Amino acid sequence: MSDKVKGTTTTITTGDAPAAPREPSSQERAWEKNTLRPTLEKSPERQTEFTTISGYPIRRLYTPADLPGWDPNRDLGFPGEPPYTRGIHSTMHRGRLWTMRQFAGFGTAEDTNQRFRYLLAQGQTGLSTAFDLPTLMGYDSDHPLSEGEVGKCGVAISSLADMEVLFDKIPLANVTTSMTINSPAAVIWAMYLAVAEKQGADWKKLSGTLQNDILKEYIAQKEYIYPPEPSMRLVIDTFEFGVKNTPKFNPISISGYHIREAGSTAIQELAFTLRDGMEYVEYGMRRGLDVDQFVPQLSFFFNAHNDFFEEIAKYRAARRIWHKAMVERYGAKNPRTWALRFHTQTAGCSLTAQQPYNNVVRTALQAMAAVLGGTQSLHTNSLDEAWALPTEFAATIALRTQQIIAHETGVTNTVDPLGGSYFVETLTNEVERGAWDYIEKIDAMGGMVAAIERSYPQREIAEASYKYQVAVDKKEKIIVGVNDYVATEKALDILQIDETVAHRQAERLTKLRADRSKSEVDRRLNALRKTAEGKDNLMPFLFDAVKSYATVGEICDALREVFGTYEEVAIT
Amino acid sequence: MPEKKIRVLIAKPGLDGHDRGAKIIARALRDAGMEVIYTGLRQTPEMIASAAVQEDVDVIGLSILSGAHNTICPQLMTLLREKGMSDVTVLVGGIIPEADIPAMKQSGIAEIFLPGTSTQDIVTFIHKRLAR
C-alpha cells in the first residue's frame, strides 16, 4: 500500500495493519519435524512460556513467516526519512554520538554546580538538573512543608539568586541544559532565561530542555500543584513563548520514563507518552500555533528497562507511530515535525539495593538497548540508585559506561544494526499495534485529559505494577540478588545530605527578602496574578517576577491563589 | 466469633508523590484479608496520626523514598505517643540508609522494609507481630 495524498492528510499503512496468519515455509516445517521435535522430546525447554518483561509472549524462532506483507520500503525505510523506523538522522551515531547527559543535583546550588563541572570535566556533553522536592512542588526551602526535604532529592532552588550560583562558570550559550521540573517549570525556565541574559547568551541560540510535562504527573509521578486546565495553559504558554523567543530550546520533554517507573508495561509507556504528546499538539493547535512551527521543538523521554529487545522495538515503534500521527491527525508537512527526538534514562526501578555492584551491569545493558534504539541523549543510573543520590564514584562509573559503549563496542559503526532482524521487526510491529490499541481507546474517551479524569492510565499502571510484583514474589520473575542468588553483604558508602542545606537556604532567603525591593516584588506578583486570571501569556510576567527576586514559593503561591490546587482520587 | 480483621493505615508522608510501592502494599495486605486505608499523598505527621486514631488502626505503614525519614518519623512517633497510640505497630518502607535504621527502631518503629522486600514477608511480619 503506498502513500495517498488527500488534501492535507495522508494515509499511511505501516506495520500496524492487522496481523496476517503465520504460514511457515516448507523448510521451516521440515526443521520443526526433523530437528526441533527430537530435541524437545529429549529435553523440554526451561519454561512453558517465554515472555518479555511486559508479559508479551516470545516465539522460539522468528523467520520470514512472522512478517507477512512486510515491506522494507514502507515499514523500515531509511534513516532520516519517513517512517523513521531506523532513526531520525541519516548518519545517526556515526555522525554524532548521543548526548551524554547525566541527571545530577543535590544539596545547595554550590554543591550541584561543583558536580555539574566535575561531570563536564569527565566528558559528559550536556547538563541535566535534578531539583529537590520543595522546589518541584513550588515551595521555598524554608516553608514548613519543606522540613526534612531540602536538598535531599535534588538541588534546592528558591530564587534566581540560587539559579545564578547553580550555573556559575557554566556558559549557557555553549552548554545545553535539561531541567527536570514540571509544575513550576515555567518559573524555573524564567530563572534560567534570566541567568542566560545576565551571561550575555543569545536566547535565539540557547539550547536545552524543560521537562514541563504535566500530564504524566497526573498519570504517574504525582508532582502536580494546579488542576489540569490551568496547568495545560501554563505549558502552552511556554510553547508559544518558545516558538517566538527560543527556537532551539525544547520547552517540553514528553515523558514515558516515570510512567514506566510507576510500573507500566513497555506498550503502556509508549502509548501513554505518545498520546500525551498528541494532547499537547492539539492544545497547541487550539491556541493557534502552527503545528509545523511548535511541534519540532517538542522532545520525548523514554525509559530503558531490562528487556533488551522489547525496549529497542519500543523506540523504533515510537518513531513510526509519531510520524503517522503527525501526518494523519494534524496534516503536518515539516519533516522536523514528523521526526521524534528522545532522551533516555536507564530504569531506576530495575536497580537493586542488594548487591548494588550488579547494577553497573544492568545499567550497561539497558544503555546498550537505548543506543541500539537510536536515542539522541542518554542518562545512565548509578550503582547506588536504590540507596541514595549518587556518590561521585558511582556517578563516574555510570558516565564511563556510556563512553565505553560509544568508543569500545562498535555498535555505533552502523545505523540501526538490528534492522531487518525477523525478531526485531516483528516485535516492532507488535509493540506498535499494542500502542495504537491504547491510543485509540484514549481517543474514544475524549483524549488524555479526559482519560486522566477517569483514572484510566492510573488504573492500568496500578494493575500492571501489581501483576509484576506478584510474579516477582512467586519467583516467576527472577531478580538476581533479590529473590535468587542472595548473599549477605556489607553496607555501601553512600551520599549523605543533612540539614545544613536547609539552614543555609533559610539564611539565604532571609537575606534575599531583606535585600530586594518588596514593593517591586509585590507589584510584579500582582501583575502575574492579574494575567493568570486572564488569557495572556504568563512567561513575560514570570520573567519579571523572577528578576525582582520573587521566590519560587511566592510565585507558585500567587498562581495557587488563581488556579487552585489539585487532589487526585487515589486508586489502589 | 470471627476474628477482628487487622486494620492498616498506609500513608505517604511528606512531599514525595512516588506511590507505586505504597499502592502495591495496600493491595497485597487487602488481598491477605486485612482492612486497608490508604491516606493518599502529601500527608503531614499530624494528618497521619489523626487518621490512625480515627480509623482505629493496628498498623501504620509509612512509605518514604525522599530522604525525609529522620524528620518525619520522630515527629510521627511523638504524636502517636501524645494521642495514646503507642501500641500501634509502625512500619516503614522505602529508601532508608542502613545507618539510620537503629535509631528508627529505638524510637519505636517495629520494622523497616527496604527495596526488594516481598509482600509476603510484610504480611507474615504483621501476622506474627499482632499474633493473629
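A residue counts as buried if 20 or more other C-beta atoms lie within 10 Å of its own, as exposed if 12 or fewer do, and as partly exposed in between, with C-beta atoms placed from the backbone. By that rule A:Ser455 is partly exposed, because 16 other C-beta atoms are within 10 Å. The model is predicted: local features need pLDDT of at least 70, side-chain atom pairs count only at pLDDT 80 or more, and totals for chains, interfaces and linings use all residues. Residues are numbered from 1 along each chain as its sequence is written, while chains are lettered from A and ligands numbered from 1 in the order in which they are written.

A:Ser455 sits in the loop between helix H18 (448-453) and H19 of chain A; helices (H or I, at least four residues) and strands (E, at least two) are DSSP runs numbered from the N terminus. Leaving aside residues up to four places away in sequence, A:Ser455 touches A:Val569 and A:Ile571, where contact requires C-beta atoms, placed from the backbone, to lie within 7 Å. The C-alpha atoms of A:Ser455 and A:Val569 are separated by 8.0 Å, although the two residues are 114 residues apart along the chain.

The contact between the chains takes 31 residues from chain A and 29 residues from chain B. On the side of chain A that touches chain B, helix H5 (133-136) and helix H19 (456-473) each supply at least two residues. The largest share, five residues, comes from H19(A).

How do H19(A) and H1(B) cross? Their axes, lines fitted to C-alpha atoms over the stretch in contact, with angles from 0 to 180 degrees between N-to-C directions, come within 10 Å and cross at roughly 70°. H19(A) is therefore roughly perpendicular to H1(B), a label given to angles of 65 to 115 degrees. In this pairing A:Ala462, A:Ser465, A:Tyr466 and A:Gln469 of H19(A) meet B:Arg20, B:Lys23, B:Ile24 and B:Arg27 of H1(B).

Helix H1 (residues 20-31) of chain B lies across strand S1 (7-11), S2, strand S3 (59-64) and S4 of chain B, running at about 160° to S2(B). The open sheet has five strands in the order S2-S1-S3-S4-S5 (chain B), with parallel pairing; strands pair if DSSP finds at least two bridges between them. Strand S2 (35-38) and strand S5 (111-113) of chain B are the edge strands, each pairing on one side only. From one strand to the next the twist averages 20°. Strand S4 (residues 89-94) of chain B runs parallel to S5(B) and is joined to S5(B) by three bridges. B:Gly93 has B:Phe113 as its bridge partner in S5(B).

Conventions:
Contact = placed C-beta atoms within 7 Å. Parallel < 35°, antiparallel > 145°, perpendicular 65-115°, else oblique.
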